[in-house]
Each structure stands twice: as C-alpha cells, then as structure tokens.
Amino acid sequence: MEATVVRTGTEGKTWGGGNQPLKASYGKMMMWFFILSDALTFSGFLAAYGFSRFKFIDSWPIADEVFTHFPFLHGVDAPMYYVALMTFILIFSSVTMVLAVDAGHHMKKGKVTIYMFLTIIGGVIFVGSQAWEWKNFISGEYGAVTTKGGNILQFIDGEGERVALSEIAVPIAGDRVEHDANNGIWFDSGEALPTYSLDEVKAGFIQNEDLLIRTQMLTEEGEKTILTREESLMKLNNDAIGTVEGANLSQNEYGTPLFADFFFFITGFHGFHVLSGVIINIIIFFNVIIGTYDRRGSYEMVEKVGLYWHFVDLVWVFVFTFFYLV
C-alpha cells in the first residue's frame with residue numbers, strides 16, 4: 001500500500017535549515033535576534049519611564065535645570081550642551097563604523113583599522129562622559145530641603161536664580177552626632193550626616209530676606225512654583241524635615257526620587273551596552289590588525305559588531321529624547 005504525498009506548492013521555497021536563512025549567515029541572524037530581544041527590553045524600560053512621568057507630570061524635574069554642567073566650565077550655565085556633544089560623538093562613531101564595514105566589503109584592511117579605531121575612541125569618550133555626568137548628578141550642585149510628604153524645596157534669590165545651601169547655611173555651635181552601630185536601637189549603621197543641617201539652613205534663610213522657596217510643583221507654563229516670602233517661611237518651618245545634596249536611589253535634590261531611579265537604571269543599562277560594544281570592538285580591532293579576517297577572506301565579524309553598535313546608537317536616540325528633550 002503506497003502512502004499518499006500531499007503537495008502544498010511551497011516545495012523548494014522554504015528554508016530547509018541550511019546556513020543561509022533569508023540569505024543571511026547564521027551569525028548575522030543570531031545578532032538580529034539578540035537586537036530584537038534587547039529592543040523589547042529597552043522599550044519596556046522607556047514605557048515604564050513614560051507612565052511614571054505621566055503620573056508625576058506636575059512635579060517632574062526639568063532637564064534643562066538638571067543637566068547644566070560642562071567640563072572645565074565651572075559656574076557656567078550650559079543646559080544640555082554636554083549631553084548634545086555626547087550624542088553627536090556617539091552618532092559620529094556610528095558613521096565611522098559604517099565606513100569600517102564598507103571598507104571590509106572591499107577587503108581594505110588599512111581603512112578598516114583606521115575606522116574601527118575611530119569608532120572605539122568615540123565609544124570610550126561617550127562612556128567616560130556618561131561617568132562624568134553620573135558623578136555630577138550624584139554629587140549635586142545646589143542642594144535642597146526635603147519635606148514630610150517626600151517633596152523637595154529649592155532656594156532662589158530675588159532675580160530667580162538658584163542659590164546653593166552652602167550660600168545660605170549659617171554655622172550653629174554644637175556637635176551633630178552621627179548614628180553608629182554601637183549607639184543605634186537596632187545596632188545598624190546609618191547614613192553619613194549631610195554637610196548642612198536643617199537648622200543651619202533655616203537660620204541663614206531667616207537672615208537673608210531676599211531668598212524665596214521654589215517647590216517642585218509646576219505651573220501651567222511648565223515652570224516651578226515660587227512662593228512668597230511669607231509662604232516660604234511657613235513652608236520651611238512647618239514642612240521641612242531635612243536637607244539633601246545630589247541624588248541617589250532614595251533622595252533627589254532635583255525632584256521626585258523616581259527620576260533618579262530611572263536615570264540610573266536606564267542610562268546605566270545603556271552605558272553597559274556601550275562599554276560591552278567598546279570591548280567587542282577592541283577585540284575585533286586587534287583581529288583586523290593581525291590579519292584574521294584577511295585569512296578568512298571575509299570581514300563579516302566587523303559587519304556583525306557594526307549591527308550591534310548601530311543598535312546601541314539608536315537606543316541612545318530614544319533615551320536622549322525621553323530624558324533630555326521631552
């Protein structure tokens with residue numbers, strides 16, 4: 001008895017498990033699968049950021065007031081300038097990677113070497129810049145006062161310019177005892193004492209009648225609410241519970257702590273990807289120098305790492321848009 005063979009009309013038209021699915025090598029296909037899965041991960045992070053920002057839309061920090069630093073320009077207000085420079089450097093490194101891939105297609109080892117080197121330099125500069133930005137974000141610049149409800153109060157002068165705690169606080173005689181393991185109720189070590197106590201800030205604020213308090217709540221024009229002198233004194237005396245300098249996972253002098261949490265997590269995750277890409281690029285770079293791909297007769301490894309590098313650059317465009325522009 002013969003078996004009946006059912007023909008579907010697709011014979012010879014489907015991938016039969018060879019090494020060229022969709023006319024792409026196995027390695028390139030796996031890189032595309034990784035990029036797709038990683039894109040979904042970043043999409044989830046950015047979506048969570050978007051929902052959280054929408055929830056606190058009336059009190060979210062203003063990026064132009066947070067990222068104002070520029071290397072070697074102390075005291076100069078340069079909102080977003082350095083972040084824009086970082087973005088340009090990373091995008092330019094993507095251009096050099098394209099040139100390296102193209103040179104590899106033409107088997108031009110010398111040009112591949114030059115363009116890979118420039119790509120690595122761009123990546124190193126970006127990672128270093130991100131670390132520098134983290135340092136400034138963590139250390140802070142002005143400081144603020146925290147309230148019972150978990151909000152922050154910032155200080156401004158009569159012209160609307162930010163005033164740092166160091167310019168306000170008046171030293172008060174007396175010792176501040178830091179919580180230690182041997183004097184706490186549960187014998188746990190506490191956090192280090194802030195540079196300025198709340199009483200010192202209050203004393204300085206009362207002495208300087210030109211100072212006002214600015215809350216983290218935004219007006220209809222998208223600017224932070226400024227209290228009158230009387231409202232400022234009442235707010236400081238009734239609601240203030242401590243001082244904060246810089247940002248960490250629990251406190252944030254710029255506004256809601258969620259902003260700092262997302263900033264550390266998302267930019268840190270992206271920075272890890274860039275650092276990984278730099279390391280991989282260095283490995284490929286040395287393989288190019290010793291002629292590994294010339295002997296193979298193909299520079300496909302340069303093309304594969306190029307796909308990853310372009311993906312990292314594209315992700316930064318979205319991170320840059322979400323955190324710094326919107």
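How many bridges join strand β1 to strand β2 (residues 152–156), and in which direction do the two strands run? The answer is 2 bridges, and β1 and β2 run antiparallel. The model is a predicted one, where local features need pLDDT of at least 70, side-chain atom pairs count only at pLDDT 80 or more, and totals for chains, interfaces and linings use all residues. Residues are numbered from 1 along each chain as its sequence is written, and side-chain values use heavy atoms, with hydrogens and water left out. Here is a friendly tour, topic by topic.

- Helices (H or I, at least four residues) and strands (E, at least two) are DSSP runs, numbered from the N terminus.
- Two strands pair if DSSP finds at least two bridges between them.
- Strand β1 covers residues 144–147, and 4 bridges join β1 to strand β5 (residues 240–244) in an antiparallel arrangement.
- Thr147 has Ala240 of β5 as its bridge partner, while Thr146 has Ile152 of β2.
- The hairpin of β1 and β2 has 4 residues between the strands, and in that hairpin Gly150 takes a positive phi near 85°.
- In a regular strand the side chains alternate between the two faces of the sheet.
- Both faces of β1 are covered, with Ala144 and Thr146 buried on one side and Val145 and Thr147 buried on the other.
- Here buried means under 20% relative accessible area, exposed means over 50%, and partly exposed lies in between (1.4 Å probe, protein chains only).

**Helix α4 and the glycine after it**

- Just after α4, Gly140 takes a positive phi of about 75°.

**Aromatic pairs**

- A search of the whole structure finds 35 aromatic pairs.
- Rings of Phe, Tyr and Trp (its six-membered ring) pair if their centres lie within 6.5 Å; planes under 30 degrees apart count as stacked, over 60 as edge-to-face and the rest as tilted.
- One of the pairs is Phe42 with Phe311, which is edge-to-face because the ring centres are 6.3 Å apart and the planes stand at 65°.
- Phe42 lies in helix α1 (residues 26–55) and Phe311 in helix α10 (residues 300–325), so this pair ties together parts that are 269 residues apart in sequence.
- Phe42 and Phe311 are both buried.
- Phe45 and Phe269 also form an edge-to-face pair, because their ring centres are 5.4 Å apart and their planes are at 80°.
- That pair links distant parts of the chain, with Phe45 in helix α1 and Phe269 in helix α8 (residues 257–289), 224 residues apart.
- Phe45 counts as partly exposed at 21% relative accessibility, and Phe269 counts as partly exposed at 25%.

**Salt bridges**

- The structure holds 5 salt bridges, each being a side-chain nitrogen of Lys or Arg within 4 Å of a carboxyl oxygen of Asp or Glu.
- Arg214 and Glu65 meet through their side chains in one of them, at 3.1 Å from N to O.
- Arg214 lies in strand β3 (residues 212–218) and Glu65 in helix α2 (residues 63–66), so the pair ties together parts that are 149 residues apart in sequence.
- Arg214 is buried, with a relative accessible area of 8%, whereas Glu65 is partly exposed at 29%.
- Glu65 and Arg214 are also linked with Lys224 in a network of salt bridges.
- Lys235 and Asp239 form another salt bridge, again 3.1 Å from N to O.
- Lys235 and Asp239 are 4 residues apart in helix α7 (residues 229–239), which means about one helical turn separates them.
- Lys304 forms a salt bridge with Glu300, and their closest N and O atoms are 3.9 Å apart.
- Lys304 and Glu300 both lie in helix α10, 4 residues apart, or about one turn.
- Lys304 counts as buried at 16% relative accessibility, while Glu300 counts as partly exposed at 25%.

**A nonpolar surface patch**

- Leu85, Phe88, Phe92, Val95 and Leu99 make a nonpolar surface patch of about 460 Å².
- Patches are made of residues with over 30% relative accessible area and no salt bridge, joining like charges within 9 Å and nonpolar side chains (Val, Leu, Ile, Met, Phe, Trp, Tyr) within 5 Å.
- Accessible areas come from the Shrake-Rupley method with a 1.4 Å probe, and for residues only the protein chains shown count as cover.
- Phe92 sits in helix α3 (residues 81–105) and counts as partly exposed at 47% relative accessibility.
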